[in-house]
Amino acid sequence: MTKPALTDLLHAAVTAVGGTERPGQVAMAEAVAEAIDSNVHLLVQAGTGTGKSLGYLVPALAHGERTVIATATLALQRQLVERDLPRTVEALHPLLRRRPEYAMLKGRSNYLCLHRLHEGVPQDDEDGLFDPFEAAAPTSRLGKDLLRLRDWADESETGDRDDLTPGVSDRAWSQVSVSSRECLGATRCAYGAECFAEAARERAKLAEVIVTNHALLAIDAIEGAPVLPGHEVLIVDEAHELVSRVTGVATGELTPGGVNRAVRRAAKLVDEKEADRLQTAAEGFERLMELALPGRLEEIPEDLGYALTALRDAARAVITALGNTRDRSVQDEDAVRRQALASVENVHAVAERIVQGPEHSKYDVVWYERHDRYGASLRVAPLAVSGLLREKLFEDRSVVLASATLKLGGDFDGVGASLGLSAEGRVTETGGAAEHSGSAGAADGDGAADGDGDGEGAAEADTGVPRWRGLDVGSPFDYRRQGILYVAQHLSPPGREGSRGDMLDELTELVRAAGGRTLGLFSSMRAAQAAAEELRGRLDVPVLLQGEETLGELIRRFAADAETCLFGTLSLWQGVDVPGPNCQLVVMDRVPFPRPDDPLMSARQKAVEEAGGNGFMAVAATHAALLMAQGAGRLVRATGDRGVVAVLDPRLARARYGSFLRASMPDFWYTTDRNQVRRSLAAIDAAAKEGV
């Protein structure tokens, strides 16, 4: 049978979802198909409106091998499973003469646990189990949530938290869910045959396409025990988020509360000697943490080293004891034991990781944090994840990494290096090894791999360098006609302390000219709050502030009213999709460099400098460029959108790194003329009011 042409398949899929075929989408689909066939990894930047989901779905389905798609956001997972995949599979079925199966798979804690629902939660402070359904007042929010969860469990087919509408609090969900470490296992659990998480895994084993998230992909790669079925193709969408998600999964934490919880849980099942030893070690750790000052620990202080060693050794003894003893007097002993083991194993693992010694410490960053509500914590994270990704992600399968923002400062090398793809491994259109071009370097501080490659197109040369290609398929939008990038060059540079009165004056004038319609992206919650308070007093337009309502409700209200403004921080930089005239001004208060006292980012910057690179450009500027590209992308979401991205930080125009940051953003028409921008905003506002 003749294999159907990729262009015919793509046309059928686009027609099925009611979309419009774009040249960039066709180019992307062809590049994805080539990457899968040739085993050369692909970084593909596809701007908003390209239709990148179909750009990778169609060639993956045409290839016919099992594919895992990992995304960063729930919204995209839902779009794929509920809209794009059903329509695409139906459209391609007559051409492929098969109907590929697909499934969604998440971490175990995302699914309701029937054992915990029916048997209760092991209680830390007393023997036996705690039944939250009896203890929670039925009229309280927790009580209402738990009763609704019990009813929902009887009717839900998936047990997936994200299928519960409206949702419940984290506190309520924690009463009916377990982590993978706490799970009894299907063969030992009385509810194993009905388990929602196990059912999801069985569906995934039978599916050709598995949709998951970055966190589960990271767990699958890092922990060594595979949770994803074997697959030949991996597609990472929203790939600009991958480094931070993998870093999060690879970060360990110890708190006095967490250690004491482990002690209480274990004490029910081990003899008094082991329990007392762990209790003594926990008390020593807690005394030290009371005096902990926030900041990085470049060397582990002697007293902390002693405390962690005592914790590690006591935890190891308890783990052994938990495995060797049984106590039938404890109600639901298996559940209590699994919960205790999970807590004590975490204490042991983190303490062991920090005290391993100077040779290992060069790969990790250790620091104290202090939270007003939760107190002090000790954290450890990898200095870089690029080596881990290079080893775990790119060895045994074709990998496609897609995003609207992967090309920073004009090339893919910076993002590629942060993902473990060195400039030496990049291949040209003809398959030859690319010459090493100057780049910002690895965004997470890792050096490039050695090796010069032979350009033969293998996914990995003999030197161990993964082979990859970068492709920018552009955007269907005419950015220079649809948008303006305005930099307020006349303002004073932002300082670390004090208010920015001139910035607030400028913001007021811009919002007034735009008639509202403003998304304000701020580098801190304090700055967002100050701006919202000031503009509520100066202008007669609604100003919504992140944190005053759920994010979904804020975005809904912002999209519904043209005069409304929405101010907030990091999640707004990447999570707002409001096409049309109600978002015609996007304001950034300053270049979003990481905080100078951020222990992990400053450690990564220092590591690049010690290796002879430019740490500021590799870490701080790359971090800012990624956020600014994402933030600027909030403006133009459809072909009819018009507006202004205003950056109220003169450094974007004056500083040497400004050109690198601007080159990472959409190619808007650029100006520093404040009067021109006001006239443009007023004209756009007038046109929107007339419905033009």
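# A guided tour of the model

Begin by selecting S53, which has its place in helix α3, residues 52–63; helices here are DSSP runs of H or I with at least four residues, strands are runs of E with at least two, and both are numbered from the N terminus. What you have open is a predicted model, in which local features need pLDDT of at least 70 and side-chain atom pairs count only at pLDDT 80 or more, while totals for chains, interfaces and linings use all residues. Residues are numbered from 1 along each chain as its sequence is written, and side-chain values use heavy atoms, with hydrogens and water left out.

At 7% relative accessibility S53 counts as buried, a word that stands for under 20% relative accessible area, with exposed meaning over 50% and partly exposed in between, for a 1.4 Å probe and protein chains only. If you now show what surrounds S53, leaving aside its neighbours within four places in sequence, you will find it in contact with L76, Q79, L80, D84 and D237, where contact means heavy atoms within 4.5 Å.

**The whole protein**

Zoom out before going on: the protein has 28 helices and 20 strands, and of its 692 residues 53% count as buried. Among the contacts in the protein with a separation of 6 or more, 77% are between residues 24 or more positions apart.

**Salt bridges**

Next, select R78 and E82, which form a salt bridge whose closest N and O atoms are 2.5 Å apart; the term asks for a side-chain nitrogen of Lys or Arg within 4 Å of a carboxyl oxygen of Asp or Glu. By this rule the count comes to 38 salt bridges. E82 and R78 are 4 residues apart in helix α4, residues 74–96, so about one helical turn separates them. E82 counts as exposed at 54% relative accessibility, whereas R78, at 23%, counts as partly exposed.

Move on to R245 and E241, a salt bridge in which the closest N and O atoms are 3.8 Å apart. Here R245 is partly exposed, with a relative accessible area of 32%, while E241 counts as buried at 13% relative accessibility.

For a further pair, select R426 and D413, whose side chains meet in a salt bridge at 3.1 Å, N to O. R426 lies in the loop between α18 (413–418) and β13 (468–472) and D413 lies in helix α18, so the pair ties together parts that are 13 residues apart in sequence. R426 is buried, with a relative accessible area of 18%, and D413 is buried as well, with a relative accessible area of 3%. To see a network of salt bridges, select R312, D313, R316 and E352, which are linked in this way.

**A buried charge**

Now go to D589, found in the loop between β18 (585–588) and α24 (599–610). Which side chain of opposite charge is nearest to D589? It is R500, 5.0 Å away, and D589 is buried yet has no salt bridge; in speaking of charge, Lys and Arg count as positive and Asp and Glu as negative, with His and the chain ends not counted. A polar atom of the D589 side chain lies 3.1 Å from the backbone nitrogen of S523. Leaving aside neighbours within four places in sequence, the residues in contact with D589 include R500, M503, L521, F522 and S523.

**Aromatic rings**

Turn next to the rings of Phe, Tyr and Trp (its six-membered ring), which pair if their centres lie within 6.5 Å, with planes under 30 degrees apart counting as stacked, over 60 as edge-to-face and the rest as tilted. By this rule the count comes to 7 aromatic pairs. One of them is F477 with Y479, an edge-to-face pair at 6.1 Å centre to centre with 85° between the planes. Both F477 and Y479 are buried.

Then select F616 and Y657, a tilted pair at 5.3 Å centre to centre with 55° between the planes. This pair links distant parts of the chain, with F616 in helix α25 (residues 615–632) and Y657 in the loop between α26 (651–654) and α27 (658–663), 41 residues apart. F616 is partly exposed, with a relative accessible area of 26%, whereas Y657 counts as buried at 15% relative accessibility.

As a last stop, select R662 and Y670: the charged end of R662 sits over the ring of Y670, 4.9 Å from its centre, a description used if NZ of Lys or CZ of Arg is within 6 Å of the ring centre and within 35 degrees of the ring normal.

Key. Polar contact = N/O pair within 3.5 Å; in protein donor to acceptor, adjacent residues only side chain to side chain.
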